[in-house]
Amino acid sequence: MSETLEQHGWSRDQMAQRVAQDIPDGSYVNLGIGIPEKVAMYVPEGREFIYHTENGLLGMGPSPPEGGGEPELINAGKRRVTALPGASYFHHADSFSMIRGGHLDLCVLGALQVAQNGDLANWSTGGPGAIPAVGGAMDLVAGVKSIFVVTQHCTKDGTPKLVERCTYPLTGLGIVNRIYTDLAVIEVTPDGFRLVELAPGVDFDTVAERTGAPLLQVSETK
Amino acid sequence: MIDKQLSSPAEAVADVFDGATVMIGGFGEAGSPIELIHALIDQGSTGLTVVNNNTGSGEVGLAALIQAGRVAKMICSYPRTTNSTVFPKLYHAGDIELELVPQGTLAERIRAGGAGIPAFYTPTSLGTPLGEGKEVRAIDGREYVLEYALTADFALIKGRAADRHGNVVFNKTARNFAPIMAMAGRTTVVQAAAVLDPGEIDPEVVVTPGIFVQRVVHVPNPAHESDLVAKGVTYP
């Protein structure tokens with residue numbers, strides 16, 4: 001369900017679908033909780049991805065039918081999943097060796113904020129009374145080859161999530177490669193945010209206005 | 001003859017002492033050794049430091065141990081989970097200490113502890129609040145954070161099957177932290193749904209070799225946390 005103020009732009013499912021288009025065939029992929037989980041529903045025809053979940057499963061399949069599955073076959077979000085033919089189970093130290101050791105090709109994560117230098121904040125708002133919880137996010141961003149972020153462009157009150165500098169506690173430094181929002185696909189370059197693609201019905205000025213840091217136009221040599 | 005099998009969960013946790021560090025296997029409910037935890041609640045030791053990825057749910061298992069006031073400190077990566085209300089309440093009241101550790105660092109600290117490695121450098125948490133105050137070293141042009149190993153007086157884990165030598169196999173994603181906690185625990189207790197004779201587990205498929213396990217307890221039909229929570233069960 002889209003909560004954006006836009007008449008146009010991508011829905012959550014379309015954002016996930018757009019991410020899936022950029023994942024090469026044969027990739028080993030870790031999907032975060034929320035919109036990232038939806039990416040698995042949109043694998044383009046002819047491609048095969050292998051999904052890793054950090055609690056010890058490679059070859060994760062879709063959720064079982066409601067009420068089905070088993071309590072000891074779950075994903076990192078602690079929801080019941082399935083294991084596909086060719087799957088493997090392993091313990092946590094091996095699982096995070098896959099992550100930190102650079103064996104995974106891609107991780108798709110949600111975000112609270114992404115800075116123009118690729119810093120990511122996605123685990124805590126740092127507010128008083130909040131119980132800090134980090135899970136595997138810091139390990140994933142430290143070790144996985146490519147980090148894609150999928151997020152609404154702005155918070156519900158319209159505050160940009162793409163910013164000059166993160167104000168929330170950081171998850172990792174300079175690690176985000178691409179950002180997929182309801183309005184656009186944006187890459188993080190040494191020069192800052194650069195537009196890759198606009199969502200249907202959205203223009204550059206709208207995206208630039210809702211981005212909390214300078215936005216470069218699509219590379220003309222693209 | 002080597003026979004690590006004890007008669008009951010109560011016997012297996014009888015010597016846990018006040019102030020002990022106890023590693024408890026499980027990721028959420030998958031792999032949580034609920035019967036051993038309940039025996040630990042009955043046993044009464046207090047001031048425990050518990051290492052687990054989470055803090056339990058409802059008022060059974062790990063959450064019940066915390067609720068009973070037995071845990072002075074949690075070392076974990078994700079203390080919030082669906083139906084997790086016990087830990088937040090005590091944490092906000094200042095009645096329990098939290099050491100928050102990134103999940104992969106937690107796993108590697110446990111692995112290192114069991115492997116005789118006192119500390120290691122990792123890229124995880126560099127430049128974040130969880131890396132603050134820690135030694136940083138540049139190796140081959142990249143910076144890393146120093147993290148210290150974790151060991152425990154006791155490790156409580158759950159297996160699908162074990163033999164009397166302590167060889168263990170696990171069930172799907174219930175494996176998670178159990179094999180490394182078995183290595184890091186000075187006394188490791190496994191509750192197994194089946195206890196077999198040596199040789200009945202193919203040596204090629206043994207996941208945790210018996211050298212890492214000191215005690216085996218047969219728990220034929222282990223409870224699942226979500227079932228207990230759904231039924232409104234509380235412990236004790």
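1. Start with A115(A), which sits opposite V163(A) of β9(A). Keep in mind that this is a predicted model. The strand to look at here is β6 of chain A, residues 113–115, which is joined to β9(A) by 2 bridges, the two running parallel.

2. Zooming out, that pair belongs to an open sheet of 3 strands in chain A, ordered β7-β6-β9, with mixed pairing. β7 (120–121) and β9 (162–163) of chain A are the edge strands; each has a single partner, so one side of each has no neighbour in the sheet.

3. Now the contact between the chains: 32 residues come from chain A and 43 residues from chain B. On the chain B side, α4 (86–92), α5 (103–115) and α6 (178–184) each put in at least two residues. α5(B) gives the most, with 6 residues. By class, the side of chain B that touches chain A has 19 polar, 18 nonpolar and 6 charged residues.

4. α5(B) deserves a look of its own. Does its length agree or disagree with what 1.5 Å a residue predicts? It agrees, because its 13 residues should span 18 Å and the end C-alpha atoms are 18 Å apart.

5. This helix is mostly covered, with 12 of 13 residues buried. Among the buried ones are L106(B), E108(B), R109(B), I110(B) and R111(B). The cover comes from both chains: it includes α3 (92–100) and α4 (137–143) of chain A, plus β2 (21–24), β6 (119–122), β8 (142–148) and α6 of chain B.

Terms used: Residues numbered from 1 in each chain as written. Chains lettered and ligands numbered in written order. Predicted model: local features only at pLDDT ≥ 70, side-chain atom pairs only at ≥ 80, totals over all residues. Pairing = 2+ DSSP bridges. Helix = DSSP H or I, 4+ residues; strand = E, 2+ residues; numbered from the N terminus. Contact = placed C-beta atoms within 7 Å. Nonpolar A, V, L, I, M, F, W, Y, C, P; charged D, E, K, R; others polar. Expected span 1.5 Å × (residues − 1). Buried ≥ 20, exposed ≤ 12 C-beta atoms within 10 Å, placed from the backbone.
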